[in-house]
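Here is a short briefing on salt bridges. Look at the model first, then read the points below.

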Amino acid sequence: MALLPSIFGSEQRDLVGIDISSGSVKVVELSKTGARYRLEAYGSERMPPGAMSDQGIADVEAVGQAIARALRKAGCKQKGAAVSVTAANAITKIIEMSADLGDDEMEQQIKFEADQYIPHPIEEVNLDFQILGPSERSDEMVRVLLAACKSDTIDMLAGAVGIAGLKPSVVDVDTYALENACELMAAQLPDNGLDRTFAVVDIGERSSKLSVIHNMETVYTRDQAFGGHQLTEDIMRHYGMQAEEAERVKISGELPNEYRNELLPNFMNDLAQQISRSLQLFYSSSTHQGQVDHILLGGGCACIEGIEASVQQELDIATSIARPLSGLGRSLKARRGNIEREEPAYLMAAGLAMRAFDS
Ligand SMILES: Nc1ncnc2c1ncn2[C@@H]1O[C@H](COP(=O)(O)OP(=O)(O)OP(=O)(O)O)[C@@H](O)[C@H]1O
Ligand SMILES: [Mg+2]
(Lines give C-alpha, C1' and ligand atoms only; values in the text may rest on other atoms or scores of the structure.)
(Ligands and ions follow the chains in the order given, each with its own letter.)
Protein backbone atom coordinates (compact mmCIF):
# COMPACT_ATOMS: atom_id res chain seq x y z
CA MET A 1 0.00 0.00 0.00
CA ALA A 2 1.37 3.37 -1.00
CA LEU A 3 1.33 5.99 1.68
CA LEU A 4 2.21 8.71 -0.78
CA PRO A 5 0.73 11.08 -1.66
CA SER A 6 0.03 11.27 2.00
CA ILE A 7 -2.88 12.85 3.81
CA PHE A 8 -0.41 15.00 5.67
CA GLY A 9 2.90 16.42 4.67
CA SER A 10 5.66 17.27 7.04
CA GLU A 11 8.60 18.99 5.36
CA GLN A 12 8.60 22.57 4.22
CA ARG A 13 7.75 22.70 0.55
CA ASP A 14 7.16 24.91 -2.40
CA LEU A 15 3.43 24.50 -2.72
CA VAL A 16 0.42 26.01 -4.31
CA GLY A 17 -2.87 25.51 -2.48
CA ILE A 18 -5.53 24.27 -4.92
CA ASP A 19 -9.17 24.27 -3.84
CA ILE A 20 -11.01 21.99 -6.25
CA SER A 21 -14.62 22.89 -5.58
CA SER A 22 -17.90 22.41 -7.39
CA GLY A 23 -18.22 25.93 -8.80
CA SER A 24 -14.60 26.80 -9.45
CA VAL A 25 -10.95 25.97 -8.91
CA LYS A 26 -9.11 28.44 -6.71
CA VAL A 27 -5.33 28.63 -6.35
CA VAL A 28 -3.20 30.48 -3.79
CA GLU A 29 0.57 30.69 -3.50
CA LEU A 30 2.15 32.16 -0.36
CA SER A 31 5.70 32.78 0.81
CA LYS A 32 6.94 33.42 4.32
CA THR A 33 9.79 35.53 5.66
CA GLY A 34 10.24 35.30 9.40
CA ALA A 35 6.70 35.38 10.73
CA ARG A 36 5.30 37.37 7.81
CA TYR A 37 3.34 35.79 4.98
CA ARG A 38 3.23 37.24 1.51
CA LEU A 39 0.68 36.52 -1.19
CA GLU A 40 2.64 35.57 -4.30
CA ALA A 41 -0.20 34.60 -6.62
CA TYR A 42 -3.90 33.82 -6.59
CA GLY A 43 -6.60 33.14 -9.14
CA SER A 44 -9.62 31.08 -10.04
CA GLU A 45 -11.29 29.42 -12.95
CA ARG A 46 -14.88 28.28 -13.30
CA MET A 47 -15.41 24.55 -13.23
CA PRO A 48 -16.88 23.28 -16.52
CA PRO A 49 -20.37 21.74 -16.20
CA GLY A 50 -20.21 18.04 -15.37
CA ALA A 51 -16.59 18.14 -14.17
CA MET A 52 -17.62 17.70 -10.54
CA SER A 53 -20.33 15.62 -8.90
CA ASP A 54 -21.65 15.61 -5.35
CA GLN A 55 -19.00 13.00 -4.55
CA GLY A 56 -16.08 15.04 -5.90
CA ILE A 57 -14.22 14.87 -9.20
CA ALA A 58 -16.28 13.32 -12.01
CA ASP A 59 -14.11 14.19 -15.03
CA VAL A 60 -10.41 14.15 -14.19
CA GLU A 61 -9.32 15.60 -17.54
CA ALA A 62 -11.75 18.55 -17.36
CA VAL A 63 -10.77 19.34 -13.77
CA GLY A 64 -7.06 19.07 -14.65
CA GLN A 65 -7.51 21.54 -17.52
CA ALA A 66 -9.42 23.94 -15.26
CA ILE A 67 -6.58 23.78 -12.71
CA ALA A 68 -4.05 24.45 -15.48
CA ARG A 69 -6.00 27.54 -16.59
CA ALA A 70 -6.28 28.83 -13.01
CA LEU A 71 -2.51 28.38 -12.46
CA ARG A 72 -1.70 30.16 -15.71
CA LYS A 73 -4.04 33.06 -14.98
CA ALA A 74 -2.64 33.46 -11.48
CA GLY A 75 0.98 33.11 -12.61
CA CYS A 76 1.78 30.40 -10.07
CA LYS A 77 5.40 29.25 -10.02
CA GLN A 78 5.48 26.31 -7.63
CA LYS A 79 5.45 22.73 -8.82
CA GLY A 80 3.92 21.03 -5.80
CA ALA A 81 0.21 21.06 -5.02
CA ALA A 82 -1.70 20.90 -1.75
CA VAL A 83 -5.24 19.68 -2.34
CA SER A 84 -7.91 18.37 -0.01
CA VAL A 85 -10.64 15.81 0.40
CA THR A 86 -13.93 16.65 2.08
CA ALA A 87 -14.45 15.54 5.66
CA ALA A 88 -17.09 13.10 4.34
CA ASN A 89 -14.47 11.40 2.18
CA ALA A 90 -11.90 11.16 4.96
CA ILE A 91 -11.81 9.21 8.15
CA THR A 92 -9.91 10.78 10.97
CA LYS A 93 -9.50 9.36 14.39
CA ILE A 94 -7.35 10.07 17.41
CA ILE A 95 -5.89 6.90 18.87
CA GLU A 96 -3.34 6.24 21.58
CA MET A 97 -0.16 4.31 20.93
CA SER A 98 2.91 3.36 22.85
CA ALA A 99 5.35 6.29 23.03
CA ASP A 100 8.46 4.19 22.53
CA LEU A 101 7.58 3.00 19.02
CA GLY A 102 9.76 4.38 16.23
CA ASP A 103 8.08 5.87 13.14
CA ASP A 104 8.39 2.64 11.13
CA GLU A 105 7.15 0.46 13.97
CA MET A 106 4.25 2.80 14.55
CA GLU A 107 3.34 2.66 10.87
CA GLN A 108 3.40 -1.14 10.93
CA GLN A 109 1.31 -1.25 14.07
CA ILE A 110 -1.23 1.25 12.70
CA LYS A 111 -1.62 -0.69 9.46
CA PHE A 112 -2.10 -3.82 11.48
CA GLU A 113 -4.81 -2.27 13.65
CA ALA A 114 -6.36 0.05 11.07
CA ASP A 115 -9.26 -2.21 10.14
CA GLN A 116 -10.71 -1.50 13.58
CA TYR A 117 -11.06 2.16 12.68
CA ILE A 118 -11.66 2.16 8.94
CA PRO A 119 -14.81 0.78 7.35
CA HIS A 120 -13.12 -0.02 4.03
CA PRO A 121 -10.73 -2.83 3.07
CA ILE A 122 -7.27 -1.66 4.05
CA GLU A 123 -5.87 -2.23 0.55
CA GLU A 124 -8.39 0.34 -0.80
CA VAL A 125 -7.31 3.25 1.40
CA ASN A 126 -4.39 5.64 1.75
CA LEU A 127 -3.43 5.96 5.33
CA ASP A 128 -1.35 8.47 7.21
CA PHE A 129 -0.73 9.50 10.78
CA GLN A 130 0.65 12.35 12.82
CA ILE A 131 1.80 12.24 16.42
CA LEU A 132 -0.08 14.96 18.30
CA GLY A 133 1.67 14.79 21.65
CA PRO A 134 1.71 12.97 24.96
CA SER A 135 -1.40 11.20 26.18
CA GLU A 136 -3.22 12.81 29.09
CA ARG A 137 -3.85 9.39 30.62
CA SER A 138 -0.43 7.79 30.57
CA ASP A 139 3.19 8.91 30.19
CA GLU A 140 3.90 5.81 28.15
CA MET A 141 1.39 6.65 25.45
CA VAL A 142 1.14 9.30 22.72
CA ARG A 143 -1.92 10.64 20.95
CA VAL A 144 -1.85 9.87 17.26
CA LEU A 145 -4.09 11.36 14.60
CA LEU A 146 -4.94 8.71 12.06
CA ALA A 147 -6.28 9.84 8.69
CA ALA A 148 -7.48 7.67 5.86
CA CYS A 149 -9.10 8.23 2.52
CA LYS A 150 -10.18 5.85 -0.22
CA SER A 151 -7.36 5.47 -2.72
CA ASP A 152 -9.58 6.10 -5.74
CA THR A 153 -10.47 9.57 -4.37
CA ILE A 154 -6.76 10.35 -3.96
CA ASP A 155 -5.97 8.92 -7.40
CA MET A 156 -8.52 11.26 -9.03
CA LEU A 157 -7.07 14.29 -7.23
CA ALA A 158 -3.53 13.26 -8.14
CA GLY A 159 -4.62 12.65 -11.74
CA ALA A 160 -6.19 16.10 -12.10
CA VAL A 161 -3.23 17.87 -10.49
CA GLY A 162 -0.84 15.86 -12.72
CA ILE A 163 -2.69 16.96 -15.88
CA ALA A 164 -2.05 20.55 -14.76
CA GLY A 165 1.68 19.70 -14.56
CA LEU A 166 1.96 19.65 -10.76
CA LYS A 167 3.01 17.04 -8.26
CA PRO A 168 0.39 16.23 -5.63
CA SER A 169 2.61 16.79 -2.60
CA VAL A 170 -0.03 17.12 0.12
CA VAL A 171 -3.54 15.75 0.40
CA ASP A 172 -5.22 17.48 3.31
CA VAL A 173 -8.71 17.30 4.78
CA ASP A 174 -10.94 20.38 4.24
CA THR A 175 -11.46 20.87 7.95
CA TYR A 176 -7.70 21.16 8.62
CA ALA A 177 -7.33 23.59 5.74
CA LEU A 178 -10.06 25.77 7.28
CA GLU A 179 -8.28 25.68 10.63
CA ASN A 180 -4.98 26.64 8.97
CA ALA A 181 -6.64 29.54 7.16
CA CYS A 182 -7.68 30.91 10.54
CA GLU A 183 -4.01 31.47 11.37
CA LEU A 184 -3.94 34.03 8.55
CA MET A 185 -7.00 35.74 10.04
CA ALA A 186 -6.01 35.78 13.71
CA ALA A 187 -5.81 39.58 13.72
CA GLN A 188 -9.48 39.72 12.71
CA LEU A 189 -10.52 37.76 15.78
CA PRO A 190 -11.12 38.96 19.33
CA ASP A 191 -7.88 38.36 21.32
CA ASN A 192 -6.32 36.95 18.13
CA GLY A 193 -8.48 33.87 18.70
CA LEU A 194 -6.49 32.84 21.78
CA ASP A 195 -8.67 31.16 24.40
CA ARG A 196 -11.69 32.17 22.35
CA THR A 197 -14.32 30.02 20.69
CA PHE A 198 -15.44 31.10 17.24
CA ALA A 199 -17.02 29.57 14.16
CA VAL A 200 -15.70 29.79 10.63
CA VAL A 201 -18.04 28.93 7.77
CA ASP A 202 -17.17 28.34 4.11
CA ILE A 203 -20.35 28.87 2.11
CA GLY A 204 -19.70 27.75 -1.43
CA GLU A 205 -21.72 26.82 -4.47
CA ARG A 206 -23.13 23.50 -3.26
CA SER A 207 -21.87 23.11 0.29
CA SER A 208 -21.40 24.91 3.58
CA LYS A 209 -18.63 23.82 5.88
CA LEU A 210 -18.70 25.00 9.44
CA SER A 211 -15.95 24.55 12.00
CA VAL A 212 -16.02 25.61 15.61
CA ILE A 213 -12.52 26.54 16.69
CA HIS A 214 -11.34 26.94 20.26
CA ASN A 215 -7.93 28.42 20.98
CA MET A 216 -7.16 27.99 17.25
CA GLU A 217 -7.94 24.24 17.26
CA THR A 218 -10.96 22.65 15.65
CA VAL A 219 -13.41 21.22 18.16
CA TYR A 220 -16.44 20.60 15.94
CA THR A 221 -17.20 20.40 12.21
CA ARG A 222 -20.34 20.05 10.14
CA ASP A 223 -20.87 20.02 6.37
CA GLN A 224 -24.20 20.74 4.78
CA ALA A 225 -25.48 20.60 1.21
CA PHE A 226 -26.36 24.27 1.14
CA GLY A 227 -24.76 26.98 -0.98
CA GLY A 228 -25.11 29.78 -3.52
CA HIS A 229 -26.54 27.31 -6.02
CA GLN A 230 -29.83 27.55 -4.10
CA LEU A 231 -30.04 31.29 -4.77
CA THR A 232 -29.12 30.79 -8.43
CA GLU A 233 -31.96 28.27 -8.74
CA ASP A 234 -34.38 30.70 -7.10
CA ILE A 235 -33.38 33.33 -9.67
CA MET A 236 -33.78 30.83 -12.53
CA ARG A 237 -37.23 29.82 -11.35
CA HIS A 238 -38.42 33.29 -10.56
CA TYR A 239 -37.19 35.05 -13.70
CA GLY A 240 -37.19 32.12 -16.15
CA MET A 241 -33.42 32.36 -16.74
CA GLN A 242 -30.84 29.76 -17.70
CA ALA A 243 -28.19 28.89 -15.12
CA GLU A 244 -25.41 30.93 -16.71
CA GLU A 245 -27.46 34.08 -17.00
CA ALA A 246 -28.82 33.70 -13.46
CA GLU A 247 -25.27 33.34 -12.11
CA ARG A 248 -24.14 36.40 -14.05
CA VAL A 249 -26.94 38.73 -12.86
CA LYS A 250 -26.56 37.42 -9.32
CA ILE A 251 -22.95 38.62 -9.24
CA SER A 252 -23.53 41.86 -11.17
CA GLY A 253 -26.67 42.70 -9.19
CA GLU A 254 -28.66 43.57 -12.35
CA LEU A 255 -31.90 42.36 -10.85
CA PRO A 256 -35.14 44.12 -9.90
CA ASN A 257 -35.71 45.43 -6.39
CA GLU A 258 -37.96 42.49 -5.74
CA TYR A 259 -34.81 40.32 -5.75
CA ARG A 260 -33.18 42.46 -3.06
CA ASN A 261 -36.40 42.66 -1.07
CA GLU A 262 -37.48 39.02 -1.27
CA LEU A 263 -35.28 36.34 -2.83
CA LEU A 264 -32.02 37.59 -1.36
CA PRO A 265 -33.31 38.13 2.21
CA ASN A 266 -34.93 34.68 2.09
CA PHE A 267 -31.62 33.12 1.08
CA MET A 268 -29.72 34.99 3.79
CA ASN A 269 -32.31 33.93 6.30
CA ASP A 270 -31.97 30.26 5.24
CA LEU A 271 -28.22 30.59 5.56
CA ALA A 272 -28.47 32.05 9.06
CA GLN A 273 -30.81 29.20 10.02
CA GLN A 274 -28.30 26.64 8.74
CA ILE A 275 -25.54 28.18 10.81
CA SER A 276 -27.79 28.41 13.84
CA ARG A 277 -28.72 24.75 13.51
CA SER A 278 -25.07 23.71 13.28
CA LEU A 279 -24.23 25.71 16.39
CA GLN A 280 -27.14 24.13 18.27
CA LEU A 281 -25.78 20.72 17.29
CA PHE A 282 -22.34 21.75 18.44
CA TYR A 283 -23.71 22.76 21.84
CA SER A 284 -25.78 19.61 22.23
CA SER A 285 -23.23 17.09 20.95
CA SER A 286 -20.06 18.48 22.40
CA THR A 287 -18.53 18.32 25.81
CA HIS A 288 -16.82 21.58 25.00
CA GLN A 289 -17.95 24.37 27.29
CA GLY A 290 -16.99 27.40 25.20
CA GLN A 291 -19.60 29.80 23.87
CA VAL A 292 -19.21 30.81 20.21
CA ASP A 293 -18.88 34.57 20.33
CA HIS A 294 -17.72 35.31 16.82
CA ILE A 295 -18.50 34.02 13.32
CA LEU A 296 -16.22 34.40 10.29
CA LEU A 297 -18.04 34.04 6.98
CA GLY A 298 -16.05 32.80 4.00
CA GLY A 299 -16.64 31.10 0.67
CA GLY A 300 -18.09 32.81 -2.39
CA CYS A 301 -21.42 33.51 -0.70
CA ALA A 302 -19.64 35.72 1.83
CA CYS A 303 -19.18 38.13 -1.11
CA ILE A 304 -22.93 38.89 -0.95
CA GLU A 305 -23.33 42.45 0.23
CA GLY A 306 -24.77 42.72 3.73
CA ILE A 307 -24.53 39.02 4.53
CA GLU A 308 -22.56 39.53 7.74
CA ALA A 309 -25.10 42.04 9.08
CA SER A 310 -27.92 39.62 8.27
CA VAL A 311 -26.26 36.66 10.04
CA GLN A 312 -25.29 38.82 13.00
CA GLN A 313 -28.83 40.06 13.42
CA GLU A 314 -30.43 36.62 13.11
CA LEU A 315 -28.01 34.87 15.45
CA ASP A 316 -27.08 37.73 17.75
CA ILE A 317 -23.41 36.77 17.45
CA ALA A 318 -20.71 39.18 16.22
CA THR A 319 -20.09 38.27 12.56
CA SER A 320 -17.45 39.40 10.10
CA ILE A 321 -16.24 38.49 6.64
CA ALA A 322 -13.26 36.12 6.46
CA ARG A 323 -10.34 38.01 4.95
CA PRO A 324 -7.49 35.52 4.53
CA LEU A 325 -5.46 37.47 1.94
CA SER A 326 -5.80 41.25 2.09
CA GLY A 327 -3.83 41.59 5.33
CA LEU A 328 -0.74 40.02 3.75
CA GLY A 329 2.07 41.62 1.83
CA ARG A 330 1.53 41.18 -1.89
CA SER A 331 3.71 40.54 -4.94
CA LEU A 332 3.14 42.75 -7.98
CA LYS A 333 1.10 40.13 -9.77
CA ALA A 334 -1.02 39.53 -6.68
CA ARG A 335 -1.98 43.20 -6.71
CA ARG A 336 -4.11 42.73 -9.78
CA GLY A 337 -7.83 42.30 -9.27
CA ASN A 338 -10.11 43.31 -6.45
CA ILE A 339 -8.79 41.24 -3.60
CA GLU A 340 -11.05 42.73 -0.92
CA ARG A 341 -14.09 41.70 -2.91
CA GLU A 342 -12.95 38.23 -3.86
CA GLU A 343 -10.88 37.00 -0.94
CA PRO A 344 -13.60 35.25 1.14
CA ALA A 345 -13.86 32.69 -1.68
CA TYR A 346 -10.14 31.90 -1.28
CA LEU A 347 -10.48 30.75 2.32
CA MET A 348 -9.90 27.05 1.61
CA ALA A 349 -7.17 27.63 -0.99
CA ALA A 350 -5.34 29.92 1.47
CA GLY A 351 -5.53 27.26 4.19
CA LEU A 352 -4.12 24.69 1.78
CA ALA A 353 -1.30 27.02 0.74
CA MET A 354 -0.32 27.22 4.44
CA ARG A 355 0.76 23.57 4.18
CA ALA A 356 3.99 24.85 2.66
CA PHE A 357 5.08 26.01 6.11
CA ASP A 358 4.40 22.93 8.21
CA SER A 359 7.15 22.29 10.66
N1 LIG B 1 -20.72 38.89 -5.29
C2 LIG B 1 -21.46 37.79 -5.15
N3 LIG B 1 -22.79 37.88 -4.90
C4 LIG B 1 -23.54 36.78 -4.77
N5 LIG B 1 -23.07 35.53 -4.83
C6 LIG B 1 -21.77 35.37 -5.06
C7 LIG B 1 -20.89 36.49 -5.22
N8 LIG B 1 -19.65 36.01 -5.44
C9 LIG B 1 -19.76 34.65 -5.41
N10 LIG B 1 -21.02 34.28 -5.19
C11 LIG B 1 -21.57 32.92 -5.13
O12 LIG B 1 -20.70 32.09 -4.39
C13 LIG B 1 -20.82 30.75 -4.87
C14 LIG B 1 -19.44 30.21 -5.17
O15 LIG B 1 -18.71 30.16 -3.97
P16 LIG B 1 -17.38 29.31 -3.88
O17 LIG B 1 -16.46 29.75 -4.94
O18 LIG B 1 -16.93 29.37 -2.49
O19 LIG B 1 -17.97 27.88 -4.22
P20 LIG B 1 -17.15 26.56 -4.55
O21 LIG B 1 -15.97 26.56 -3.66
O22 LIG B 1 -16.85 26.51 -6.02
O23 LIG B 1 -18.20 25.42 -4.22
P24 LIG B 1 -18.27 24.29 -3.07
O25 LIG B 1 -17.24 24.62 -2.04
O26 LIG B 1 -19.66 24.36 -2.56
O27 LIG B 1 -17.99 23.02 -3.77
C28 LIG B 1 -21.65 30.81 -6.14
O29 LIG B 1 -22.97 30.39 -5.87
C30 LIG B 1 -21.61 32.29 -6.49
O31 LIG B 1 -22.76 32.69 -7.20
MG1 LIG C 1 -15.50 25.58 -1.93
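**Salt bridges in the predicted model**

Glu 40 and Arg 38 form a salt bridge, with their closest N and O atoms 2.9 Å apart. A salt bridge here is a side-chain nitrogen of Lys or Arg within 4 Å of a carboxyl oxygen of Asp or Glu. The structure holds 13 salt bridges.

This is a predicted model, where local features need pLDDT of at least 70, side-chain atom pairs count only at pLDDT 80 or more, and totals for chains, interfaces and linings use all residues. Residues are numbered from 1 along each chain as its sequence is written, and side-chain values use heavy atoms, with hydrogens and water left out.

**Glu 40 and Arg 38**
- Glu 40 is buried, at 16% relative accessible area. Buried means under 20%, exposed over 50%, and partly exposed in between (1.4 Å probe, protein chains only).
- Arg 38 is partly exposed, at 36%.

**Arg 137 and Glu 96**
- Arg 137 and Glu 96 meet in a salt bridge at 3.3 Å, N to O.
- Arg 137 lies in the loop between strand 8 (125-134) and strand 9 (141-150), and Glu 96 in strand 7 (residues 90-98), so the pair ties together parts 41 residues apart in sequence. Strands (E, at least two residues) and helices (H or I, at least four) are DSSP runs, numbered from the N terminus.
- Arg 137 is exposed at 72%, while Glu 96 is partly exposed at 28%.

**Glu 343 and Arg 323**
- The closest N and O atoms of this salt bridge are 3.0 Å apart.
- Glu 343 is buried, at 0%; Arg 323 is partly exposed, at 30%.

**Network**
- Salt bridges link Glu 45, Arg 69 and Lys 73 in a network.

Definitions and conventions. Chains lettered and ligands numbered in written order.
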